[in-house]
Amino acid sequence: MIFFLYAILALFSFMFFLMLFLPLSFLGVAIMSLINAPVQLFYLLAHPEVRKNHALEHATIHVLEELVPLKLSGLSNPNGFIIQGISDPYLVLHAAQEAKGRLLSGEKDLAVHPRCGTTTVVTALVFAVLFIVFSIVFGLFSFVNLLLSLLLATILGSVLSPWVQRYITTDWRVDDVEIERAELIVKGWSAHGVFVHTRKGDIKWSIS
Ligand SMILES: [Zn+2]
């Protein structure tokens, strides 16, 4: 009986601390996102070569996923992009060239991908804005505000992501991007992916 009472007390104490400190710790996350997310988006806006490689990366993944039953991922930088989850450089090079041709012939939707890292950045930014606004409006950092902000940010993040990808994190106008070669990247004992080299630039940032 005593043990049961202690267990209930411990559970209520845990719930109390959770409801008190979880919203406060998420406030820290929200403030960081409010700074980090716009910095990442503005970087991409200022670097068209990364946006174009990012569009090519998405389009290449779309082309490859039409050919092989794999779930691929990628990362872009000013020098090109890596496709992870595949180890055939010839297939990836062929897909990248087809992707470029299809983007330029009007298939702009290929530049948008549902599994893009942009969704995480947008969701984090929407969460930060909602959580801070709700906290000011309702007067406190409550658990309900936290759950409501997380739920709305998850929904709005995936709704807004295609738009943000289309206008901010990618650029489908890849006519001036030269696809040079594809290189198998091996880390340790297994293939890490295939890097597609495009025209030269300095590595400063990556987006998945
Ligand atoms: Zn992406």
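Hi everyone, let's start with Leu72, which, leaving aside its neighbours within four places in sequence, is in contact with Ile61, Leu64, Glu65, Ile83, Gln84, Gly85 and Ile86 (contact meaning C-beta atoms, placed from the backbone, within 7 Å). What we have here is a predicted model, where local features need pLDDT of at least 70, side-chain atom pairs count only at pLDDT 80 or more, and totals for chains, interfaces and linings use all residues. Residues are numbered from 1 along each chain as its sequence is written.

Where is Leu72 found? In the loop between helix 2 (48-67) and strand 1 (73-77); helices (H or I, at least four residues) and strands (E, at least two) are DSSP runs, numbered from the N terminus. Leu72 counts as buried because 21 other C-beta atoms lie within 10 Å. The cut-offs are 20 or more for buried, 12 or fewer for exposed, and partly exposed in between, with C-beta atoms placed from the backbone. One of its contacts is Ile61, eleven residues away in sequence and 6.5 Å away in space, C-alpha to C-alpha.

Now, helix 2 also packs with helix 3 (residues 89-104), at an angle of about 110 degrees and with the axes 8 Å apart. Axes are lines fitted to C-alpha atoms, for helices over the stretch in contact, and angles run from 0 to 180 degrees between N-to-C directions. So the two, helix 2 and helix 3, are roughly perpendicular (65 to 115 degrees; under 35 is roughly parallel, over 145 roughly antiparallel, the rest oblique). From helix 2, Ala55, Leu56, Ala59, Thr60, Val63 and Leu64 meet residues of helix 3, including Val92, Ala95, Ala96 and Leu103.

On to helix 4, residues 118-138.

Is Thr123 buried or exposed? Buried, because 22 other C-beta atoms lie within 10 Å. Thr123 touches Ala153, Thr154 and Gly157, not counting residues up to four places away in sequence. Ser33 is 90 residues from Thr123 in sequence, yet 9.5 Å away in space, C-alpha to C-alpha.

Last, helix 4 meets helix 5 (residues 143-169): their axes come within 6 Å and cross at roughly 140 degrees. Helix 4 and helix 5 are therefore oblique to each other.

Definitions and conventions
Two residues are in contact if their C-beta atoms, placed from the backbone, lie within 7 Å.
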